[in-house]
Amino acid sequence: MVSKIIEKFGAKNIELVEALGRIVIFFLTGIKNIFVLPFQFNKIIDHTWFIGSKSIFVIALTGFFTGMVLGLQSYHALLRFGSEAALGSAVAITLITELGPVFTAIMITARAGSAMAAEIGVMRISEQIDALKTMHINPVRFLFTPRIIAAFISFPLLTAIFNILGLLGGFVSGSLMLGINKYVYMDTVFSSVNVNDILGGFYKAFVFAVIVTTICCYQGFYTHLFKGFGARGVSLSTTNAVVFSCIAIFISDYIITFFLV
Amino acid sequence: MTTPFIQFSNIAKSFGTNYVLKDINLSIYKGEITVIIGKSGSGKSVLLKHIIGLMEQDSGQIFIKGKPLSQLTSNMKKEFQKTLSYMFQDNALFDFMNIYDNIALPLMENSSFPENQIKEMVLTRMEQLGLTGTQNKFPAQLSGGMKKRVALARALVIDPQIVLFDEPTSGLDPVRKKNVHLMIQEYQEQFGFTAVIVTHAIPEIFKITQRIAMLDNGIIKFEGSKEDLLNSHSKTVNNFIRGEKF
């Protein structure tokens, strides 16, 4: 009985170490191939369009309403202390340092990350990845490398869009709907945010780009190793991709914030 | 005696406790069509995947023109593998790419040919395989037979020395089955490649092959010409050919 428990625990640990090894090798192979010629310009543009351009509307909408809710909630909280004039600061700092990068990463995970995992997963179960190997094409370079570059380009830009629309949302709910002076709102936004806050938000965006793309592509790429085969395997890896990416975003957000503040 | 192009010597392969290949000894000769037959799940595709490098044996040796594959330098291995093409059972076409891009992919990624030359090579293969006019279509828009031809065009576009076919006629009706067999024979004669075909299409496949191997229970039960196969006294071989239980 005890030996069986130890055996199971050991097997789980070995599985975990193997998976960690696989994801690190997968990531490093993808990064190494960024510097292998020829550069994959067309694929990078395609994936930037898919991850970036096609996410703009969702990010803009989410950013705008997040800003509006933030403006509304913060206004009532600040009102209790008679500090409603500081609404612009509250909205700007919260958005630029925290909510902007985190919400953007989560929305991209939901929209593009899940699609990456599903697409690569289907390629795995339909032997398209094996076909790449038989054609002497490195599948990690072909599938992962252009996506990680595209994510590096898209995440910070989408984060910036989220922030701008969020500030606008805060302005709409705080100034236009709740009556905060619009000049005071704008002044507190610009005076409270410094370059380090903006850079901190972008550092997070870069880290999230790496995390989301690596986890989602890895889950799709190794679909055949997870429990459940065929369509069920793909659905499982897609779900795992989204769940693990979100958890990793929150954990890494805390770690980065700890070092930045 | 001629040295085999590819030779399997005492190859064994298992997945956990499932011993798929136990002791495989098989010779494949240059310029011939070799057919591997056997029951479903007998390890025919696994054997084929050892040649292309998608799987590695647990023990035994694969010889390429008399030299052990394991003793070739990594560059020599790469060079050998570049002479191989593999046609998958379910075609494994890239469904997000159009037909032209599917066929051009191995050249686009691995060759230094200029784009206009690649285009010429791809369109030539498409014309030879009766695929003209389909270049902008996607695999999902083609019939089963056409997909097979696209997969064959992709396999042949690099002018390979060896083409490995994994059940090229599975899921096709008798007419299309015959067409695919004739197509393989015609192009094998035209381009002179060595073909290894894993199939269940018995006896149709006998019309195009020079050499047959039968895999059963992890070993090669028969290896020889189709005449030898048809005259074989082995009960296992005869029962399999007639579709009887053994």
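**View 1. The surroundings of Val212(A).** Leaving aside neighbours within four places in sequence, Val212(A) is in contact (C-beta atoms, placed from the backbone, within 7 Å) with Ala105(A), Ile108(A), Thr109(A), Gly113(A), Ala151(A) and Ser245(A). Please keep in mind that this is a predicted model, in which local features need pLDDT of at least 70 and side-chain atom pairs count only at pLDDT 80 or more, while totals for chains, interfaces and linings use all residues. Residues are numbered from 1 along each chain as its sequence is written, and chains are lettered from A and ligands numbered from 1 in the order in which they are written.

**View 2. The largest nonpolar core.** Such a core is a set of buried Ala, Val, Leu, Ile, Met, Phe, Trp, Tyr and Cys residues joined through C-beta atoms within 7 Å; buried means that 20 or more other C-beta atoms lie within 10 Å of a residue's own. Among its 121 residues, Val212(A), Met87(B), Ala153(B), Leu164(B), Phe165(B) and Val196(B) touch the most other members. Helix H4 (residues 87-125) of chain A gives the largest share, 16 residues; helices here are DSSP runs (H or I) of at least four residues, numbered from the N terminus.

**View 3. Where chain B meets chain A.** Here 13 residues from chain B and 10 residues from chain A make the contact. On the side of chain B, helix H3 (residues 99-110) supplies the largest share, 4 residues.

**View 4. Chain B as a whole.** Of its 246 residues, 39% count as buried. The C-alpha atoms of chain B fill a box of roughly 55 × 45 × 40 Å along the principal axes.

Notes:
A residue is buried if 20 or more other C-beta atoms lie within 10 Å of its own, exposed if 12 or fewer, and partly exposed in between; C-beta atoms are placed from the backbone. Two residues are in contact if their C-beta atoms, placed from the backbone, lie within 7 Å. Helices (H or I, at least four residues) and strands (E, at least two) are DSSP runs, numbered from the N terminus.
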